[in-house]
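This briefing concerns a structure with two chains under discussion here. Please have the sequence and the model open while reading.

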Amino acid sequence: MQLALFLIFGALAVAGALNLLLQRHPINSALSLVVVMMSLAVLYWSLGAEFLAAAQVIVYSGAIMVLFVFVIMLLNAGEEEHTNGSRAAYTVGMPGAAAIFCLLSFVFLSERGKLGATEIGGYLNRGLDNISEVSATLFTRQLLPFEVTSVLILVAILGAVAIARKEQ
Amino acid sequence: MVPTAYYLVLAAILFSIGVAAFLIKRNVITIFISIELMLNAVNLTFVAFAHMWNQISGQIFVFFVMVVAAAEAAVGLAIIISIFRTRQTLNVDEIDLMKL
């Protein structure tokens with residue numbers, strides 16, 4: 001059952017990513033990224049990370065993608081012009097991306113025995129609530145990094161307002 | 001039962017597509033979107049390894065990556081708006097002031 005879940009949503013994620021690559025209009029790319037993120041949320045859930053699945057839907061496919069779509073519409077971004085890109089991107093970049101993929105897949109598949117198998121909802125099976133475990137770690141051992149991220153968000157908000165403001 | 005390696009290979013596929021989109025696309029917003037795709041692929045490997053080791057730290061790390069990605073998206077889109085306001089274009093080939 002988990003294999004079917006993985007195959008369906010993994011294929012959906014890859015299809016969304018390929019659509020992102022092939023579409024020429026930015027709004028189509030942004031909406032395909034939403035598909036990728038939603039299917040990744042299902043995969044997180046199947047790996048027993050319920051809190052992250054919810055956060056993925058709310059933060060990524062909710063807040064961040066709304067920001068992207070908002071900026072695309074605000075700037076009235078049309079289709080990309082058909083330029084024949086930089087030569088370096090095609091001669092070095094594409095084989096480089098293919099090489100990254102082949103290397104990673106080779107390592108993962110050759111070590112697949114040691115990596116083991118996953119069963120659905122690993123944390124639930126151990127009688128532990130995922131959210132309580134995350135929050136216990138986040139608010140005890142990782143309290144200082146957690147507080148620092150709130151300062152980071154504050155700085156980012158101020159920076160975004162300062163950069164995007166019209167010059168007087 | 002799904003081998004953990006399958007999740008990692010899926011993450012590798014998504015990351016490579018993100019790298020390819022980053023290099024091919026000419027629109028600065030689409031390039032930014034492909035960076036988000038790469039971040040998501042890395043998050044999937046974190047969650048898969050967290051599940052494999054039965055450790056929560058990988059999920060905590062993904063949480064922090066999400067926070068940083070949100071901050072980065074806000075600042076990056078502000079920079080894109082500012083670039084568009086001064087140069088009236090989103091094509092990266094025309095934004096080449098710092099090019100030698």
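In what order do the elements of chain B run from the N terminus on? They run β-α-α-α, where helices (H or I, at least four residues) and strands (E, at least two) are DSSP runs numbered from the N terminus. The model is predicted: local features need pLDDT of at least 70, side-chain atom pairs count only at pLDDT 80 or more, and totals for chains, interfaces and linings use all residues. Residues are numbered from 1 along each chain as its sequence is written, while chains are lettered from A and ligands numbered from 1 in the order in which they are written.

**Chain B**

- Chain B has 3 helices and 1 strand.
- The radius of gyration of chain B, taken over C-alpha atoms, is 17 Å.
- The C-alpha trace of chain B spans about 50 × 25 × 25 Å along its principal axes.
- Of its 100 residues, 58% count as buried; a residue is buried if 20 or more other C-beta atoms, placed from the backbone, lie within 10 Å of its own, exposed if 12 or fewer, and partly exposed in between.

**Chain A**

- Chain A holds 8 helices and 1 strand, and from the N terminus on its elements run α-α-α-α-α-β-α-α-α.
- For chain A the radius of gyration is 20 Å, well over the 15 Å that the globule rule gives for 168 residues, so this chain is also more spread out than a compact globule.
- The C-alpha atoms of chain A fill a box of roughly 55 × 40 × 25 Å along the principal axes.
- Buried residues make up 27% of the 168 residues in chain A.

**Interface between the chains**

- In chain B, 57 residues are in contact with 70 residues of chain A, contact meaning that the C-beta atoms, placed from the backbone, lie within 7 Å.
- On the side of chain B that touches chain A, two or more residues come from each of β1 (2-3), α1 (4-24), α2 (28-53) and α3 (57-87) of chain B. Of these, α3(B) gives the most, with 20 residues.
- Strand β1 (residues 117-118) of chain A pairs with β1(B) in the antiparallel sense over 2 bridges; pairing requires that DSSP find at least two bridges between the strands. Ala117(A) has Pro3(B) as its bridge partner in β1(B).

- Val47(B) touches residues of both chains, among them Tyr44(A), Leu52(A) and Val62(B), not counting residues up to four places away in sequence.

**Phe6(A)**

- Phe6(A) lies in helix α1 (residues 2-22) of chain A and is buried, with 21 other C-beta atoms within 10 Å.
- Not counting residues up to four places away in sequence, Phe6(A) touches Leu43(A), Ser46(A), Val2(B) and Tyr6(B).
- Phe6(A) and Tyr44(A) are 38 residues apart in sequence and 10 Å apart in space, C-alpha to C-alpha.

Technical notes. Contact = placed C-beta atoms within 7 Å. Rg over C-alpha atoms; globule rule 2.2 N^0.38 Å.
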